[in-house]
Amino acid sequence: MRANTTEKWFEDRVNKYGPISKLTLFGTPTVFIHGQAANKFVFTSNTLNNQQPPSVQTLLGKRGLLEVTDEDHKRLRGALMAFLKPEVLKQYVGNMDVEIKKHFEMHWQGKETVTVMPLMMTLTFNIMCSLLFDLEHGERRDKFVKWFKELTNGMWSIPINLPFTRFNRSIQATSRIQNMIMDIIHEKRSRMQEANYLHNDLISSLLSLRGDDNATLLSDQEIVDNVRVVMVAGHDTSSILLTFLIRHLANDPVVYAAILKEQEDIAATKSSEGLLTWEDLAKMKFTWRTALELLRIIPPVPAGFRRTRKDIELGGYLIPKGWQVCWAANMTHMNDSIFPEPSKFDPSRFENQASIPPYCFVAFGAGPRICPGYEFARIEVLVTMHYLVTRYTWKLCCNDNKFSRDPIAIPTQGLPINIEQKNRL
Ligand code: HEM
C-alpha cells in the first residue's frame with residue numbers, strides 16, 4: 001500500500017489465479033473475489049458478517065454500525081439515517097456553507113501557498129463538529145481534534161497495547177473522546193427539556209428517537225459508539241475526495257472550465273452574503289459527476305472485508321465458515337467492458353447513472369451497508385468546490401502526482417499548491 005501498488009497487486013493476482021483465489025491476510029485465511037456478481041454477493045448476502053480488524057473494534061466500540069448485524073444493524077442504521085437522509089440534511093446546507101466560508105477565511109485568505117490534504121482534513125472535521133455535535137469552535141473542539149488525530153493514527157496499527165505504542169496512544173485518545181461525547185449527551189439531554197430547544201445536530205436527533213414502548217431507541221453507549229464510527233467513516237473519505245479533486249482540476253483545464261462555468265452561473269444569482277441552498281446544489285450536476293468519476297479512479301475505500309457465517313459455495317468453490325472474504329473496487333471500476341477506456345477521465349460516464357450496471361460502481365459500497373453518508377459527502381464537496389473555484393485559482397507547487405495508501409490514498413507531500421484570490425473577495 002505504501003508504494004501505491006495495491007491495484008497492480010490485485011490485477012496480478014487475478015491474472016495469475018483467476019476470479020476466485022485464496023491467500024492469508026492479517027494471519028486469517030481469506031478468499032479474494034471480484035467482479036459484478038462477486039460484488040453483489042459481498043454486499044447483499046446474509047451469509048456474511050461485516051469484518052473489521054481488531055484494532056478498529058477496540059477503538060470504535062462494539063455497538064457501532066460496523067460491528068453489529070441483522071436487527072441491531074437495521075435499528076442503528078435507521079437511527080442514523082433519520083438525520084443523514086436528504087429530506088433532513090437539506091435544511092443544513094446553509095450551516096455547511098457558513099462553516100466552509102469560515103474555513104476559507106481562516107486558512108486560505110491572504111496566503112500564497114497552502115497544503116491541501118491537511119486543510120481538507122481540518123475542514124471536514126469542523127463540518128462534522130458543527131453538524132453532528134453542534135460543538136462550538138474553541139477549547140473543547142481543539143481538544144477533540146487532537147484526540148481524534150491520535151485515535152485515527154492507531155486505527156490500522158498492530159493492536160499491541162503496551163505503553164508508548166501507537167495503539168496505546170489511540171486507546172487513551174478514544175477513551176477521552178468517549179467521555180467527551182458522554183458529557184455532550186448529558187448536556188443535550190438536559191437542554192432538550194427546555195421548551196424551545198431545537199434539535200439541530202446528530203446527537204440531539206439520536207436522543208429524541210423513541211422505540212415502541214416510548215423508551216429511547218438507542219442506549220447512551222450506542223450513541224457514543226456510532227458517533228465515533230460516523231466521525232471516522234466520514235472524515236478521511238471526504239477529505240481525500242476533495243484533495244484529489246483539487247489536484248485533478250489543476251491538471252485538467254477542460255473539466256476545470258466546465259466546473260467554473262457551472263459554479264459562476266450559480267454565484268451570479270447570489271448576493272455576496274447569500275448562502276447556497278439545496279436548489280443550488282441540484283444545479284451542480286457536472287461538478288458532482290466529476291467527483292463521481294474521481295471516486296471511480298481513486299476510491300477512498302479501495303477494498304473491504306466480510307467474514308463467512310457458515311460454509312458457502314461460490315462459483316464451484318467451498319468457502320469454509322469463519323474465513324475472510326475480500327473485495328476490491330478497482331477490479332470493476334477499471335474493467336473496460338463496464339467502463340470503456342477506463343483510464344480516461346470522463347465525467348460524462350455519470351450523466352445517466354442508471355446506465356451503469358448494478359454493483360459495478362462501488363465507491364460508496366452497495367446493499368444494506370451502502371454508505372449512509374453519501375448525501376452528507378455530496379453537500380460538503382459541492383459547497384466546498386463552489387467557494388474554491390469562484391474565489392481562488394491554484395497551481396500545483398511541485399509535481400506531486402504520486403500517492404501512497406495507508407490504506408487511504410495520500411498525496412506523498414500533502415499536495416502543496418500556489419493560490420491566488422480572485423477579485424470578488
Ligand atoms: C466521499 C465520501 C465517502 C466515501 C467514498 C464513502 C465510502 C463508503 C463505503 C465504500 C462504505 C461501505 C463499506 C463496506 O460495505 O464495507 C461506507 C460505509 C459507511 N460510511 Fe461512508 N463514505 C464516504 C463518506 C461518508 C460520510 C460523510 C459519512 C458520515 C457522515 C459516512 C459514514 C459511513 C458509515 C457510518 C458507514 C457504515 C455503514 C454500515 O455499515 O451500515 N461515509 N462508506
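View 1. Helices here are DSSP runs of H or I with at least four residues, strands are runs of E with at least two, and both are numbered from the N terminus.

A note on reading the views: residues are numbered from 1 along each chain as its sequence is written. Since the model is predicted, local features need pLDDT of at least 70 and side-chain atom pairs count only at pLDDT 80 or more, while totals for chains, interfaces and linings use all residues.

**View 2. Helix 9 against helix 11.** These two helices pack at an angle of about 120°, with their axes 10 Å apart; axes are lines fitted to C-alpha atoms, for helices over the stretch in contact, and angles run from 0 to 180 degrees between N-to-C directions. Helix 9 and helix 11 are therefore oblique to each other (under 35 degrees is roughly parallel, over 145 roughly antiparallel, 65 to 115 roughly perpendicular, and the rest oblique). Their crossing is right-handed, a label used if the near helix is turned clockwise from the far one by less than a right angle, with anticlockwise giving left-handed. I177, Q178, I181, M182 and I185 of helix 9 meet D220, I223, V224, V227 and R228 of helix 11. Contact here means C-beta atoms, placed from the backbone, within 7 Å.

**View 3. Helix 8 against helix 9.** Helix 8 (residues 139-153) packs on helix 9 (residues 166-191) at about 140°, with the axes 7 Å apart. The crossing of this pair is left-handed. Helix 8 brings F144, W147, F148, E150, L151 and N153 to the contact, and helix 9 brings residues including R166, R169, I177 and M180. By class, the contact divides into seven nonpolar, three polar and four charged residues.

View 4. Q263 sits in helix 12 (residues 253-267). Buried or exposed? Q263 is buried, with 23 other C-beta atoms within 10 Å; buried takes 20 or more such atoms, exposed 12 or fewer, and partly exposed falls in between, with C-beta atoms placed from the backbone. Setting aside neighbours within four places in sequence, Q263 is in contact with T287, M385, H386, V389 and T390.

**View 5. The buried side of helix 2.** In helix 2 (residues 36-44), the buried residues are A38, N39, F41, V42 and F43. Their cover includes strand 2 (28-33), strand 3 (48-50), strand 5 (303-308), strand 6 (312-314), strand 8 (324-328) and helix 15 (330-333).

**View 6. Two loop residues with positive phi.** Most residues other than glycine have a negative phi. N214, not a glycine, has a positive phi of about 70°, and its place is the loop between helix 10 (202-208) and helix 11. N214 is exposed, with 6 other C-beta atoms within 10 Å. E341 has a positive phi of about 45° and lies in the loop between helix 15 and helix 16.

Key:
Two residues are in contact if their C-beta atoms, placed from the backbone, lie within 7 Å. Ala, Val, Leu, Ile, Met, Phe, Trp, Tyr, Cys and Pro count as nonpolar, Asp, Glu, Lys and Arg as charged, and the others, Gly among them, as polar.
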